[in-house]
Every structure is written in C-alpha cells, then in structure tokens.
Amino acid sequence: MSPDHQRRSGSGGGEGVRQPDTKGRGPVRYGPPAPEPGLPVLPELAAVLAAAADRTEPEPPGGGAVLRDAACGYWWRRGLRCHPDDVAAAPGAQPLLSALMAAHGGDVLMPRPCPAWWTPQARFLGRPAYHVPTPAECGGVPDPFALLETVRRVRAEGGRPAVLLLSVADDPTATVAPPEVVREACEAAVGEGLHIISDETWRDTVHEPHDTVLVSPAEMCPDDVTVLCDLAGALAPAAWPAAIARFPPAGPRPDRRARTLDRLTALGARVAAPVAAAAAHALGEPAPVTARAVACAALHARVAAAAHHLLLTAGALALPPRAGRHLYADLGPLRARLADRGVTDSMELEEYLTDRLGVPVPGGHRFGDELGALRVRLATWPLLGATPEERAESLGAADPLESPPVAQALERFGSAFHELAGTTVNGAGR
C-alpha cells in the first residue's frame, strides 16, 4: 500500500462565490475551505473583540489562562473533565493538528473520505498518510476491520502506524457516527497501539440534537484520545482563527502537551490577544452565543434536508445530513449522462458543477476519495441567499424554505441536478 495513491489533485476550489484562480498554485493553496455559516458576525462577539483591540501583550504558546480555563468549562459541560494544564490553543485547527501530529512519531491513518486539510498536514511533516474506508452508514470513522487490515499491511511494508484521525460529526459526509461504530473503531485502534486524535469541530452543529447520540471517543478511551475543536465550527468566525485541544488527563504519554507546545512555540503559532478574548467569551457560551449556534444549526439543517431531497429525486445518492453545513453527494448513478458532457472523474465533476452552480463545489478527490468516484461536497450557505442581509433574513424566518432568497436558491440548485438527470423538479422536500 502506498500513501501516494491518495495524492491526486486537481483544479477548482476557492472562497466565497468567486471563481477559483489556480494559475501558478500548488494543490494545497487552492484546496477547499471548510463550509462556512454564511451569516454576519454576532454583534456581542464583535464587541468583545473590539474591546480587546488595544491589547499588545501576546498570548503565550498554547493560550493564556483565561482562554484555557474557558476551554475547560466548554468540555466539562460536554462530559469531558479536564483542567487548564490539559489544554492547548492555537491560531486555527491546521497549526494545532500539525503540532499534535508532530508530537507523535510514526505514520498517520485517517478515514476515506476525510477533511481536505488533514492529509496536507501529514504531508508537510513528511509522514505517510493512509486512508481507511468507512462503514456504509456513516463517514468520519474508519471501518474497524478495514482499520486492522490497513495497520497489518502498513507494518508488513515496514511502516509505523501511530496516529488515527477521526471525526464523529464529519466533514465532508455531514454524518454522525453511531456510538457502537465509534466504540469498535476506537477499540481496534487502541488495541493496535494507535493514539486517536478526535476532531470534534462540528459536534455543536448537529441538526437534531435531541434525537442524535454523539459520543466522543475520549469518553470511551480516556487515556488514548486527544480532542481537537476549531471554534469556526459553531462558535466564532473563521476569520478569527482559534482552535483548542484537550489532552488525556492521564495515560502513558503525559508529555504529549509539552511536545505540542514545543512545536507551537517553534512555529510562532500564538492566538492573537483580541481573538483570544473573543474565543474565551464564545467558549463560555453566554446566551447570545448559544442562541446563534442553535439557530444557525437549525437553519442549515432545514436547508440541507431540502437539498438532500432534491438530490435524491434527481437520481443522485447521499447519506442524510446530520451535522454541519454541507452534503456529500455521489453522482455515480448519473455517470452516463455526465460522460455525455465530458465528465468522467471527480476533477471534471468539480469543474462542471462549479461552473453550473456558480460556487465552488470541491470534488471527492480533495477528501481522499478515489478520482474515478463521482462525488462532491455541496455547501449549504450559498442556498441561504446572495447577500449577508438576505442570509440574516433567512436566519430569522419562521420557515426558511418560505423565504424568497432560499426558495429561489433551492429552485436553481434543484434545476441544475434535474436538468443533468433529465427529470423534473419535485419540490424542495418541505
């Protein structure tokens, strides 16, 4: 098995609604960003950031006491006990994951598909990255039998598998892994001596929180799991980079945090002081922050369900979205009609749909899927309206599907796929 099998890259991607400019760029620099909320900054958070704008002292590597204490409170409310000395913060998930992986030797395993930014972190560290298939019912967590087989093969080829990345609430598939699947995968990983890094960025974007059981791997294997959370998932704007990690309070490697801090220090990866103030406030989850997070998740859930219905009626396949602000669609059933349009792999599908929909539609090859699979990640924020004002209006609507900007965007979305399939749009799944 070679890690290079998963390292094909293509053109496309970009930010906002601008068309991508890939001239002279490497494959990482035009990789797709995480699905954004598409909503204005919460005024309360903006006020906190502005009040701290005159702070000139830098945050220490790993975050100051106030930020780490707020992170502890965030995790205690989710059943994960910790103390400030078990926490580290960084200016975004990418440098934090890089530091976490650098603190461990050996090769990295991750599910297929996985977030587009995971594999580059391993690549920059010079670590082989091996993708493991996921179960049929969800993404984000490797199939335990496939995981064991992959570990066996890697070791037989002289590799040293050491770290497993997973995400219970997943980007790109928008699924939430059932607790039994998480338990089996974690037991298989720990049994093979792997340390688990659990990316829980999207746990607070679950669409049906009262009907969805989300269990952190850290609850099942407390000594063998480091939890990562990017605040851009639900609590703060992506333009204010801040991410936190919770290390096992005990276990065989108490130096993991110290080794991670060494690397954050070497990188100069410190959270900006005004951003740290806003992040600490958000992690405290005052009523306005919580209300915005809940309303945002509900809005994207409603729109994602409607888009999912339109995809299915057009003949595409997609698991029901359970978290996040996106869907992961498989257009394999439409392969013949796509071939008539010159689309035969996910790179060409990315280009075709990006042009057809007018927004970046990253292909599955960016998430570790095979190039020949006709899969794409579809963000839901473009369906909320064309301007920040329209999206804010959608957020406050009693039924966002009745909001004219949403209704029109869903009509265009459905028409694109039904035109491709040669079928007629059949409502938005209200």
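A salt bridge is a side-chain nitrogen of Lys or Arg within 4 Å of a carboxyl oxygen of Asp or Glu. The model examined here is predicted. A search of the whole structure finds 17 such salt bridges.

One of these pairs is formed by Arg55 and Glu57. Their closest N and O atoms are 3.2 Å apart. This distance meets the definition because the limit is 4 Å. Arg55 has a relative accessible area of 28% and is partly exposed. Glu57 is also partly exposed, at 41% relative accessibility.

A second salt bridge joins the side chains of Asp171 and Arg377, with an N to O distance of 3.1 Å. Asp171 sits in the loop between β4 (161-166) and α6 (179-191). Arg377 belongs to strand β10 (residues 375-379).

Arg183 and Glu187 form a salt bridge whose closest N and O atoms are 4.0 Å apart. Both residues belong to helix α6, where they are four residues apart. That spacing means that about one helical turn separates Arg183 from Glu187. Arg183 is partly exposed, with a relative accessible area of 36%. Glu187 is partly exposed as well, at 48% relative accessibility. Salt bridges can also share partners, and in this way Arg77, Arg78, Asp204 and Glu285 are joined into one network.

Helix packing was examined next. Helix α2 (residues 65-76) meets helix α9 (residues 273-283), and their axes come within 8 Å. The axes cross at roughly 20°. Angles under 35 degrees count as roughly parallel, and α2 and α9 are therefore roughly parallel to each other. Their crossing is left-handed.

Residues from both helices make this contact. Helix α2 contributes Val66, Leu67, Ala70, Ala71 and Tyr74. Helix α9 contributes Ala276, Ala279, Ala280 and Leu283. By class, the contact holds nine nonpolar residues. No polar and no charged residues take part in the contact of α2 with α9.

Terms used:
Residues are numbered from 1 along each chain as its sequence is written. This is a predicted model: local features need pLDDT of at least 70, side-chain atom pairs count only at pLDDT 80 or more; totals for chains, interfaces and linings use all residues. Side-chain values use heavy atoms; hydrogens and water are left out. Buried means under 20% relative accessible area, exposed over 50%, partly exposed in between (1.4 Å probe, protein chains only). Helices (H or I, at least four residues) and strands (E, at least two) are DSSP runs, numbered from the N terminus. Axes are lines fitted to C-alpha atoms, for helices over the stretch in contact, and angles run from 0 to 180 degrees between N-to-C directions. Angles under 35 degrees count as roughly parallel, over 145 as roughly antiparallel, 65 to 115 as roughly perpendicular and the rest as oblique. A crossing is left-handed if the near helix is turned anticlockwise from the far one by less than a right angle, and right-handed if clockwise. Contact means heavy atoms within 4.5 Å. Ala, Val, Leu, Ile, Met, Phe, Trp, Tyr, Cys and Pro count as nonpolar, Asp, Glu, Lys and Arg as charged, and the others, Gly among them, as polar.
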